[in-house]
Structures are given as C-alpha cells and as structure tokens.
Amino acid sequence: MSATATKTKYEAIIGLETHCQLNTKSKIFCSCSTEFDSPPNTNVCPVCLGHPGVLPVLNEEVLASAVKMGLALQGQIARYSKFDRKQYFYPDLPKNYQISQFDLPIVEHGKLEIELVDPKTKEATRKTIGITRLHMEEDAGKLVHAGSDRLSGSTHSLVDFNRTGVPLLEIVSEPDLRSGQEASEYVQELRRIVRYLGIGDGNMQEGSLRCDVNISVRPEGQKEFGVKVEIKNMNSFSAIQKAIEYEIERQIEAVENGEPILQETRLWEEGSQRTISMRIKEGSSDYRYFPEPDLPPLEITDAQLEELQKKLPELPAQKRSRYESEYGLSAYDARVLCDDRDVALYFEAVVSRGASAKGAANWITQDIAAYLNSNLDLDITKIALKPEMLAELVTLIENGTISGKIAKEILPELLEKGGSPKQIVESKGLVSISDPDELAKIIDEVLAENPDKLEQFRAGKNKLQGFFVGQLMKKTGGRAEPKLANQILNKKLNC
C-alpha cells in the first residue's frame with residue numbers, strides 16, 4: 001500500500017503503553033521465583049494462582065522500582081495511591097482478574113526526551129514525549145499455541161502460569177509520537193533508563209519489555225483525532241516501526257476509499273509484514289474496576305521519596321549531554337557510548353586514566369564494538385582489554401610511539417589475552433620510527449623505486465601522495481611515525 005498518490009496530507013497520532021517487567025527475585029504479591037525459562041508451572045503457589053482464601057502482600061522492592069522510574073521520567077509521585085481489580089477472562093489469568101492500578105496510579109504527568117540522530121550528518125533532533133501515567137500491576141501467564149504457526153490453525157493450547165504475578169510497570173505515553181521511528185526510539189530510551197536504574201533487563205525477546213501501540217490518522221490541520229486502533233504486544237524495535245508504518249498506510253487508504261476504521265485490537269504478523277484484526281477493543285467500563293479489597297492503600301513519605309531520589313544514577317540523556325559538552329563528542333558518538341551503561345562506564349574509566357575522549361570513543365565504538373558483535377556471549381565487562389590497557393594504547397598512538405596501524409595489529413591479542421600494550425610493542429620491535437634521518441633515507445628509497453609515479457605527482461597528480469604514504473608504511477611495516485613522515489615526504493615530493 002502507498003499513500004503517495006493521495007491529495008490530502010495526513011498526520012499519524014501515536015501513543016504507547018509499555019510494559020516493563022521488573023527484575024525482582026520474587027513476584028509482586030507472593031514469594032514465588034521470577035526466574036525466566038524455568039520448567040512450566042513450577043514457579044507458582046496458591047497466591048499467584050488465585051486460590052480461595054489467600055491474601056496478596058506487596059513486594060516493597062516493586063514499589064521502590066516504580067518510584068525510581070517515576071522520578072527518572074520526571075513524573076509526579078503520588079503520596080497516596082491504591083490497587084484495583086481489573087476484571088476480564090482469559091485462560092492464562094487464573095483469578096479472572098488482574099491486580100493493577102486505575103484511577104490513583106503511583107506516577108502521573110511525566111516526560112521523556114527522545115533523540116533522533118541522523119547517521120549521515122551525526123546531528124541530533126530532540127523531542128519531548130509526555131508520560132500520562134505509570135502504574136504497578138501483575139503479569140498474566142503465557143499461552144503456548146501448538147500445531148501451527150498461526151493461532152487460527154492451532155490444534156490445542158497449553159498454559160504456563162510461571163509468569164503469573166511477575167511484577168510489571170505499565171508506562172502510558174501521551175499521543176505525542178508521529179512516526180514509527182519516533183515510537184521505536186521512545187521505547188529504546190525507556191529500555192536504557194530501565195537498565196541504568198537496574199530495575200529490569202529490558203530484553204524484548206524474552207518479553208521483559210513489550211508494548212501496545214495506539215494509532216490513528218487525521219488530515220493535517222484537523223484537531224479531532226481519528227478512530228484509534230491498538231496493535232498488541234510488540235516485542236522488537238523493528239516490529240514497532242514496521243507495524244506503525246504499515247498501519248498508517250492502511251488507515252490512510254481506508255479513509256481515502258471511504259471505508260470505516262474500526263476501534264479494534266490488531267496483531268502484527270511478522271511473516272506477512274502486516275497487521276491483522278484480533279478483536280474489538282474493550283473500553284475501561286468493560287473491565288469493571290473496583291478497589292482491591294485485600295491490599296491497603298499506599299502512602300509515600302517525603303523521607304522515602306528523598307532517599308530514593310539519592311539512589312538515582314546519572315541517566316542516559318544526562319550522560320549524552322555531558323559527553324557532548326565536557327568531552328566534545330558528537331551526538332552520534334555520545335549516543336553509541338551511552339546506549340549501554342557498562343560501555344559508558346568503561347569509556348569513562350579509559351578517559352580517567354589519561355586517554356583523550358575522542359581517541360577512546362573511536363576505539364570503543366568501532367574496533368571493540370565489532371569484536372563484541374562477533375562474540376555475542378561477551379560484554380565489555382568481560383573482555384581481556386581492561387580500561388587502563390586501552391588508555392595506554394591510545395596514549396602510545398597519540399604521543400607517536402606507535403601508529404594506528406600497529407595498534408590495530410596488536411589489538412586482537414589485547415582483546416583475547418590482555419597485557420600491557422607498551423610491553424607488547426617493545427617486545428615485538430614495533431615502536432615507531434621517529435628518527436628524521438632514518439625516515440628521510442627510507443623515503444628516498446621509496447621515491448627512487450617509483451620514478452614514474454614521482455614524475456606524475458610533480459606533473460599535477462596530487463592524489464598520488466597517498467600512494468607514497470602507503471609504500472612508506474609498507475616498507476616500514478607501519479612503523480613510520482605518521483606526522484613526521486608526512487612532513488619529510490611533503491618536502492621531498494615538492495622539492
């Protein structure tokens with residue numbers, strides 16, 4: 001489908017409901033383990049299975065995580081909130097209701113700044129997305145449909161209740177997003193914050209972070225919203241972007257053709273790259289909310305709030321801004337470094353040991369990142385090249401002891417075995433040639449071996465200077481000190 005032929009321009013209105021699974025060791029209202037991938041139906045008890053007569057007890061760590069996330073999103077923390085029962089039937093919901101929060105959530109009126117970086121210009125565009133609310137709730141179980149890749153063709157379904165009662169934070173955005181790219185970046189930034197706070201792992205492939213997308217379209221300039229459609233349970237950044245882009249075109253085409261858009265819940269079908277109808281969307285009245293009678297209201301004191309505020313780390317957006325202003329890095333480099341907190345801490349450790357910020361950033365975002373991408377079982381905390389070793393390597397390059405080419409030659413050994421870069425280059429005789437007389441002699445040999453290229457250069461083919469540099473590096477095994485070698489070469493070429 002394509003909307004390129006339409007005369008009317010349309011605007012997409014997008015809001016997200018993101019579910020973040022917390023990494024507490026026990027569930028939200030009982031002591032059952034939250035360990036992922038345990039044998040089916042082994043992490044269960046009468047409380048999370050909703051047996052008669054049992055009583056839930058709130059996990060204090062869940063409340064602390066909710067408040068920290070609320071503070072990170074600059075939201076208003078409710079001094080008084082409560083839990084509610086959300087009534088609905090589904091086979092993986094053993095109580096036939098979910099304990100959630102409705103009219104008095106723990107957090108309201110927050111905001112999140114997203115950053116879109118142009119990969120070509122490396123420049124960033126920033127936009128603030130409003131956060132309507134954040135509330136705590138319990139997760140449902142998991143249905144496993146067997147016999148077909150499509151639910152409609154499954155021969156039977158199995159239920160695993162291990163996930164039932166695992167603590168969730170639901171974060172609801174304002175309808176401030178306008179594209180699939182913005183929505184994808186919004187979820188990525190939420191995941192960064194969750195990981196920086198240490199309250200969840202944000203692994204979308206395991207369902208630890210998933211979101212529902214609410215989307216409508218309207219002609220540009222129109223104030224009224226169009227009919228809202230929900231796309232349920234998106235679990236990858238690429239799927240979020242592609243599903244939104246597809247749905248925008250589907251709705252525009254429907255409007256152009258005079259077809260009605262139903263307020264419904266749809267699913268993203270990865271195989272066919274389209275959304276398909278699932279059910280008519282419920283309204284809040286369908287859930288028949290009422291206050292949870294087995295849990296008392298929550299009260300947060302100023303002292304508790306102040307203590308949790310002190311525990312907040314420097315957040316991703318703050319780090320990116322500091323890296324740009326303090327270290328002079330581009331928005332692109334700052335973004336790559338701050339995407340993972342461990343990578344950011346590694347970078348800071350390298351710089352604190354005397355390496356230049358730009359030099360450290362280049363090695364971390366390029367060569368070390370490539371090594372980690374080819375060794376997916378490793379993260380930057382587990383590599384043999386420790387921050388002090390990389391700082392030493394960067395310093396050796398910058399003071400002219402070795403060239404960048406030599407550094408790349410010894411990098412694999414450093415990544416695999418560690419050790420002192422200085423000792424390695426000395427033991428292998430890789431120290432740069434920085435004696436002007438020795439360099440001049442080698443350059444004379446290069447020019448004498450290539451008289452035709454020298455004649456062409458002096459006839460105006462200035463690009464051949466790169467050829468002579470390459471020949472010099474080849475002859476010296478990459479050991480010629482670059483700056484000095486180029487100065488001598490320039491003089492001799494233009495003699």
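Biologist: How are helix 14 and helix 15 oriented to each other?
Modeller: In this predicted model, the axes of helix 14 (residues 465–476) and helix 15 (residues 482–493) come within 11 Å. They cross at roughly 125°, and the crossing is right-handed. The two helices are therefore oblique to each other.

Biologist: Which residues of helix 15 make the contact with helix 14?
Modeller: Helix 14 contributes Gln465, Phe468, Val469, Leu472 and Met473. On the side of helix 15, the residues are Pro482, Ala485, Asn486, Leu489, Asn490 and Leu493.

Biologist: How many bridges pair strand 6 with strand 7?
Modeller: Strand 6 (residues 107–117) and strand 7 (residues 124–138) form a hairpin. There are 6 residues between them, and Lys122 in the turn has a positive phi of about 65°. Val107 stands opposite Leu134 in strand 7. The pairing is antiparallel, over 10 bridges.

Biologist: Which residue of strand 6 does Gln76 stand opposite?
Modeller: Strand 2 (residues 76–77) runs antiparallel to strand 6, joined to it by 2 bridges. Gln76 stands opposite Glu108.

Biologist: Which residues touch the most other members of the largest nonpolar core?
Modeller: That core has 63 residues. Leaving aside neighbours within four places in sequence, Met69 is in contact with residues including Leu134, Leu169 and Ile171. A second, separate core of 40 residues includes Cys338 and Val350. In the largest core, the residues asked for are Met69 and Tyr186.

Definitions and conventions. Residues numbered from 1 in each chain as written. Predicted model: local features only at pLDDT ≥ 70, side-chain atom pairs only at ≥ 80, totals over all residues. Heavy atoms only, no water. Pairing = 2+ DSSP bridges. Helix = DSSP H or I, 4+ residues; strand = E, 2+ residues; numbered from the N terminus. Core = buried A, V, L, I, M, F, W, Y, C linked by side-chain atoms within 4.5 Å. Buried < 20%, exposed > 50% of the residue type's maximum accessible area, 1.4 Å probe, protein only. Contact = heavy atoms within 4.5 Å. Axes fitted to C-alpha atoms, helices over the stretch in contact; angles between N-to-C directions. Parallel < 35°, antiparallel > 145°, perpendicular 65-115°, else oblique. Left-handed = near helix turned anticlockwise from the far one by under 90°.
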